[in-house]
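Q: I have a model on screen and would like to learn to read it. Can we go through its features one at a time?

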Amino acid sequence: MQLFPPAISFGHLTLDTPMPSQSSSISSTSSGYPISGDELIAEWRTQGGVDSEDPLMNMFEFARRKLYIRDGCVPSRRASIDSSSVTSSVPDVIRQVAEELKKEKSETVSSFIREWIDVSDDPHGVIFDTASSGGVGSTSPISSSSMPRSSLSGITPMKDTMMLESLTRWETDFLALSSSELLGRSIKIFDLWGFFGGTVSDSSSSGIDLPQALPVIKSREKFGSFLKQISKNYKSTNPYHNFHHAHSVLAIVANLIRNCVPDFYSPLEEFGILVAAVCHDVGHRGLNSDFYIKTRHELAIQYNDISVLENMHCSLSFEILLRSGVTADWSEEEYTIFRKFFIQSVLATDMKQHFELTGKLGDMVLAGGVPAIPELVSPEDKRIIYCSIVHAADLANPTMPTKACYNWAVRVVDEMYAQGKLEEKSGFTVAPFMRHPPTDTVEFAKLQLSFLGFIVSPLWKAMAAIWPNALDDRIRQLEKNNKFWENLRDQNVDREQLNN
Ligand SMILES: [Zn+2]
């Protein structure tokens, strides 16, 4: 006679079915699920977990699912995630792109995508060798700090929440705003987030023990002048890499943190990610890293050809930051945490990290998604998540309304074309994708289609598979924009689509 039910296979959907309490001694919440550790263990035993192959992992998974249910979250993300369009693992993502590229006839498209893959490094040895399985590069984990997670979402007044929502809307036409309006909006985002005002001791004086709590910045004025300096160091004559782009990335990162991972990071960590977002292209001259490398520019020499631009953006940002005195009263630990999050976020905007981030997000999708409870997410996964958020925000133009998507794309191609002209004048070989202005409509549309298909779509689809409620709309918009580029390529454009 079987005394206990057989061990549960946690990969099955049956977990979504409420399990009846196995013992009258187990107290339950109103939804019928045990809540304390002892109760969890008691129920786990009755479910046969102790006899499973790996009792520790079994226990962990059991608790994780119970907590999901208790907290009203989706009980089993495995059941709800649409992973059909997500490719997992870094070598797989690169291999898939390499195979698609082999079919690609256009030299322009091919050169464009290869530029982003970084053929010279080929870190996984799979770009041209499709038989090789390659290896997943490991990245040293960054501590997400011992600071408790943010309680911002819980204490932000409703009117601030609504204003933050309006400042970070996907529909905002950032290109229609002036630089000073954008600067004002940037400061407002930090303000509404709750970073300014009192101090840690102010919080303590209220009798509430909030050692991790707000704010991060004592002087709003110092921070305001820091941001102003940052905005001035964006070159307004750059068609694309200007403060409009910087602000757009800040607004989108803020949106993604609030809607996807509101409780994953401490205020200081969130501050590091958000400041990085607005600084991530500061000092950009409208030329890509390869230009500095091939012209043997002092920046390339200084950074040994590695993430030349991104290293420069970090370095210039900290120069301005330290001069501003914003961090002068921080402890060494606070400064170190902020600096780590800032640098990791900015370095994640180097396209050479794209396939690694996309592959690792794909792995998370296939592993069942990201637990809604931050304590159950590993520090390395937390790092992948915030780096992906900043990177995805940097590549978010194709997820914007079609008119904005089109206008941003014109600017990107204008800037690349200008670099091509400069290279031509200086006697350098010009990459095929830099030889066509946006007025060359068919080439322009083809380039955008390849950018969406090879680069943006796999990344955003992985993100949307993890956070469908927050991001499904973006995928729909991306598909709409894809249709628009197809029509443009086929010279069958419906201009009305630019208003969607
Ligand atoms: Zn950027």
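This is a predicted model: local features need pLDDT of at least 70, side-chain atom pairs count only at pLDDT 80 or more; totals for chains, interfaces and linings use all residues.

Q: Where does helix 17 run, and what span does it reach?
A: Compare the end-to-end reach with the expected span. Helix 17 covers residues 354-366, 13 residues in total. It reaches 19 Å from first C-alpha to last, close to the 18 Å expected.

Q: Why is helix 17 described as largely enclosed?
A: Count the buried residues. Eleven of the 13 are buried, so the rest of the structure largely encloses this helix. Among them are His354, Phe355, Glu356 and Lys360.

Q: What does helix 19 pack against?
A: Start from the buried residues. In helix 19 (residues 402-425), these include Tyr406, Trp408, Arg411 and Glu415. The buried residues pack against helix 13, helix 20 and helix 21. Just after helix 19, glycine 427 has a positive phi of about 85°.

Q: How many residues does the largest nonpolar core have?
A: The general idea: in soluble globular proteins, nonpolar side chains tend to be buried together. Here, the largest core has 103 residues. Leu250, Val253, Ile273, Ala277, Val390 and Ala393 have the most contacts inside it. Helix 20 gives the most to this core, with 15 residues. A second, separate core has eight residues, including Phe291 and Leu309.

Terms used. Residues are numbered from 1 along each chain as its sequence is written. Helices (H or I, at least four residues) and strands (E, at least two) are DSSP runs, numbered from the N terminus. The expected span of a helix is 1.5 Å times one less than its number of residues. A residue is buried if 20 or more other C-beta atoms lie within 10 Å of its own, exposed if 12 or fewer, and partly exposed in between; C-beta atoms are placed from the backbone. Two residues are in contact if their C-beta atoms, placed from the backbone, lie within 7 Å. A nonpolar core is a set of buried Ala, Val, Leu, Ile, Met, Phe, Trp, Tyr and Cys residues joined through C-beta atoms within 7 Å.
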